[in-house]
Structure formats: structure tokens, C-alpha cells
Amino acid sequence: MRSPTRIVAVVMATASALVLSACAGLPTTGPVNPGMALDDDTRPPDISFVADPPQPGATPREIVEGFIRAGSGTRGEWATAREYLTTDAREVWNPFAGVTVDDFADREYIESAEDAITLNVTADAVVDEAGAYNDVNGAELGLPFRLAQEDGQWRISEAPDGIVLDDSWFDVVFRSYALAYFDPTWNYLVPDVRWFTTTNPATSVASALLEGAPSPWLAGAVASAVPGDVTLAARTVPVQDDGTARVELTAGALDLDRTTLDRLQTQLVESLAGAGVTTVQLTVDGQPLAASVIPTISTRVPPQALVLNDEGFGYLTGDGLEPLALSEAIVDAGAVAVQVAADQDAAAVLRGTGAVARVDTANGWGDVDARGDLVAPSIDTGGWVWSVPAATPTAVRAFGPQGEAVDVAGAWPEATRITAMTVSRDGTRVAAAVVDGGQPAIWVAGIIRDGGVPVELGVPHVLATLPGVGADVGWLDATHLGIVVDVAGDARIVEQTVGGAGAVISAPAGTTAIAPTNQVSDVRLLDDQGTLYVRRGTNWGTSATGIRVLGTVQGTAR
């Protein structure tokens, strides 16, 4: 049985590597406050910090402390940090190996000898060499340093690869960027969040897309137009004042057909948008290649709340309720949870009887899953209804438009309970609130399809532990999840970046359900008294009362 990408495995591998070799890869950990949405135009400008060089006569501890502080100075590939190293160590130390994000107040320097110092840190997250973020939940790490005298001054002769940043500096020196991949049908763009320094991020992003691979948990779930023999031919990706990035490719790009070039262009334009790029010019040996951005399907949702109340089921408007073609069947089914497909011709429904039903405009409603203790179902881009019993997380089934039933392999191994599950609006990912060994957590996994049929989940990825059991989960946008949790009887909302940190915010008492708008910060909540809330600034305002069900929709009808 395959296991999820475990936090403990990351920490143990990191700690073992640090013990075995002082030049082993250094993880990056630490709590990170949630950043702005990836499509937010209000990002701060790129900032490069100048670190202080070593001072004459500095003690070994002062040298190590200065070296750690110099991790914030990325200029010249951490040129100032290298000044703290001996001549030989400068040749082998690799600052690009990763980042350990920690809590500055918890740092402890242990001087076991004049030439040996260990820095103990409380690590909260690890960013690896590919820019992938992993929450390690306060892991304790010991980072060993050896020192030697060179020209009468103490310098570090052995240092772990990578850098260490406290959580406040991490958010300034590094920033999130979304690499863009396609779903297997080439209709949707799927973001894969990575973290790179703000020094020439266009180069980091283009290199990761062209020379790297999707995050392991997305393997088999997404597609890329980048062929194996096409990479960056230049060391950097220059960005002109008008926002045009010049991406010089190797000669293999000359053999690509126009469809592939257009898809490649689309991936690059979308990926580089977060780095301030508006246009991409592909070139080979300085000669431009003809390529255009292709249209893709938007995953934005209608702006109105989708609800079930005494009037029926539909979109809440100022004049009442705007029904859907499915509305009568959803009411007739006795729905207690509803997710509507993007085309609004089908829906997944949890009925008051506990059964999961499929509703569509052609056939009305009918039960598809009568197993006990089912969680609220989800419906994907192909019209498949996803269902799972809370007590058996591995027993995920998908029910197709033609009555097919598929047991989805590899679902949530090692989880002991699942309390909520929902498929992303691009149909490539699924998120679940689970309990693992008594600890609530939020996991994601890639969906592997065969001819459109969901047959398997990839190895689950642990995004974060949760402060309480998840009652509901929703995709707020393509890169953020919202989870309703119960913390000792108090409702909380966890806003979790898929590939980053999360934040816990207060919620109205008795909150049971969450639904997205098109802004991460403006979600809708429903409480157990039927009151619908919308966040306004830092407060929750009442939007409506008498709501029996807060529905969700998987996109906008085209």
C-alpha cells in the first residue's frame, strides 16, 4: 500500500542527511503567513537585501550567526553569505538546495568545541530545491557547522547546503509562483505552487517549468507541452520594461508543431504572470518562434449564492431565487448537500436518507450510492459523482453519467476517517479532510484517469495538520482551500494554500458549510441555524436567513 508523502519522512530524511554530511541538503521550514492570491496585482515590488559581511576578529559563533543572517541577501547567488566560508567551502556550499523556515526566538547555538557549533531550530516548513513547500509542523532540527581559521580569521569550513530564514523574512525574500500545467484534455490550466526568491523570478519559474517536473503528488494527473529535449538555452530569462520575457530555447523547439508551441506558450505566459510578465517571446538562436496563447476553460464561479430554502433551490438574488433546470429534482430528492456541475446539467446530492444521488436534466434524480455514513459528494468535469463512507476513506467510488461505477484505487491510504472531500474545478485534484492516527489533517491527491474515467489517486500529499476535525472543505480558487473545523466546540476556518501555508480565522458559531466566491477572502458560510454569512473585511455579515443548504458549483456554464 502506498503511503502519503509524510511530514515525518521529510524531517527524518533531512535530519539524517545533516548528520551524515555537513554539506547535505538543508530543508526549509517555519510557519508562513498566508500571502496574497497568486493573481493579485497588488503584490509588493521585488526587493533584494544587502547582508552584512563578516567583521574582523569575529568569534566562531558570530561567524555562524552572520552566515545565517546573510541568507536573506540573495544578490550574486548569496555572495555575502559565501564570505563567511573558507575558500574550499565556497566551492561546495549550495544555497539553492532549500530553505529552512524557522521561528527566530527558538534558535539555539550549541558550541561543542571552539571549531564546532550546532544550530538547533524549530522547523515549521521545508522548501526543497524545486521550490516545493512542505509543512513539517514544528520539527526539531540540528544543523552542524565546522569552522577553521583562514588568514587569521574564523570562517566556516563545513555548512549544510541551503539557507535558514525565520518566518518573517521568508515571506519577503521568497514569494509564491504558480507553474501552469494542463489537465489531460488540454482544456484547463492547473497551478502547481512553488516558492522562489524575488531576485529574477522569471528565470526561476521558466527553468522549473522547462527543466523540472510537476510536484510528485500531481504525477499522472496533469500534462505538459514541454518535450524532454527542449530546455532553456540561456542562463537567464530577461524581462523588458513592457513586461515581455524573452525565453531562449534549445534547438529541439524547431521541430515542434504549432499546437505544441501554442500550448508551451500558454504554459509559460500563465506561469510567468506572477513574475510580472505579460508577454512571452520564444526564440531559438535569437530567432522568434510563432506561438499564441490558446483559450482555456475558466474555473470562476457565478457570483450569487447557490442555496436551498423554502422557495426551492437556485441562485439567491435581490428578487428571490433564480432556479436552475435541476432545481425541482434537487428539491424532490430531499437534498442536504449539493454540488452542481459547471454546465449546470448535473449535480451530486447527499439526501436526507443518507444516500448519494445523481441529478441530471435528462433523468431527474436517482440514488447511486446507498452505503452507510457517506460524506457530502462531489462532481467532476466529466460528470462523475464521487462518494466515500466516512469510516472507510479508502473506499472512494466514482459514478459515471451512464450509470458506471468505479472503485478509485489508491484512495487515502492510512487515513482512519474522512469527514469531507471535494474535487477541484479543473478535475485534476481532490482534497480531503481526514483523521490520521487521531490527528485531523487536510490532504490532496492527483486524479489519474484512463480515457476520462477516474481510476486511481496519486500518492496523497499532506498539506497541513488541522486544529480540529474538518466539517466541510471547498476549493476557494485553484490554489486555496477553505476548511470548516471544530476547535473544542468553536468554529474556525482554515484558509490553506495548496503548496504553501495556511491561516486560521474565526467563524460564526455553529458554522457547518463553506462555499467559494471568486475572491479567496470573500467566502460564504452557513451555520446550523440557517444563517448565511459573507465576510466583509475582518467581520462576518449576515447575507440571508432561512437557508437549508448552501450549495456549490464547479464553474460557470459556457
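This is a predicted model: local features need pLDDT of at least 70, side-chain atom pairs count only at pLDDT 80 or more; totals for chains, interfaces and linings use all residues.

**Overall dimensions and packing**

- The C-alpha trace of the chain spans about 85 × 60 × 45 Å along its principal axes.
- Of the 558 residues of the chain, 56% count as buried.

- Strands β7 and β8 pair in the antiparallel sense over nine bridges, and Tyr-181 stands opposite Val-190 in β8.
- The hairpin of β7 and β8 has six residues between the strands, and Trp-186 in this hairpin takes a positive phi near 65°.

- Eight of the eleven residues of helix α6 (residues 201-211) are buried, so α6 is largely enclosed by the rest of the structure.
- The buried residues of α6 are Pro-201, Ala-202, Thr-203, Val-205, Ala-206, Ala-208, Leu-209 and Leu-210, and they pack against β7 (174-182), β8, β9 (244-248) and α7 (258-272).
- In helix α3 (residues 75-82) the buried residues are Trp-78, Thr-80, Ala-81 and Arg-82, and their cover includes α2 (60-69), α4 (87-92), β6 (163-166) and β8 (189-197).

**The second largest pocket**

- What is the volume of the second largest pocket? The second largest pocket has a volume of about 770 Å³.
- This pocket is lined by 29 residues, of which Glu-77, Phe-96, Thr-197, Thr-203 and Ser-204 are the closest to its centre.
- Elements that each supply at least two residues of the lining of the second largest pocket are α3, β1 (98-102), β3 (116-128), β8 and α6, and the largest share, five residues, comes from α6.
- By class, the lining of the second largest pocket consists of eleven nonpolar, twelve polar and six charged residues.

**Cavities**

- Rolling a probe the size of a water molecule over the atoms shows where empty space is left.
- The model has four cavities of 30 Å³ or more, and the second largest cavity holds about 80 Å³ of space.
- The residues that line the second largest cavity are Val-301, Pro-302, Gln-304, Ala-305, Leu-306, Tyr-315, Ala-515, Pro-516, Arg-524, Gly-551, Thr-552 and Val-553.
- Strand β36 (residues 547-553) gives the most to the lining of the second largest cavity, with three residues.
- The lining of the second largest cavity comprises, by class, eight nonpolar, three polar and one charged residues.

**Leu-316 in strand β13**

- Leu-316 lies in strand β13 (residues 312-317) and is partly exposed, with a relative accessible area of 22%.
- Although Leu-316 and Ala-305 are eleven residues apart in sequence, they are 5.4 Å apart in space, C-alpha to C-alpha.
- Beyond its neighbours within four places in sequence, Leu-316 is in contact with Gln-304, Ala-305, Val-307, Asn-309, Leu-321, Leu-532 and Ala-544.

**Loop residues with positive phi**

- Asn-200, a residue other than glycine, has a positive phi near 50°; Asn-200 is found in the loop between β8 and α6 and counts as partly exposed, at 34% relative accessibility.
- Asp-285 is likewise a residue other than glycine with a positive phi, in this case near 55°, and is found in the loop between β10 (279-284) and β11 (287-288).
- Is Asp-285 buried or exposed? With a relative accessible area of 67%, Asp-285 is exposed.

Methods. Residues are numbered from 1 along each chain as its sequence is written. Side-chain values use heavy atoms; hydrogens and water are left out. On a 1 Å grid over the protein atoms alone, a cavity is a set of points where a 1.4 Å probe fits but cannot get out, and a pocket is an open set with protein on both sides within 12 Å along at least five of seven lines; lining residues have an atom within 4 Å of a point. Grid points are joined across faces, edges and corners, and a volume is the space filled by probe spheres set on the points. Helices (H or I, at least four residues) and strands (E, at least two) are DSSP runs, numbered from the N terminus. Ala, Val, Leu, Ile, Met, Phe, Trp, Tyr, Cys and Pro count as nonpolar, Asp, Glu, Lys and Arg as charged, and the others, Gly among them, as polar. Buried means under 20% relative accessible area, exposed over 50%, partly exposed in between (1.4 Å probe, protein chains only). Contact means heavy atoms within 4.5 Å. Two strands pair if DSSP finds at least two bridges between them.
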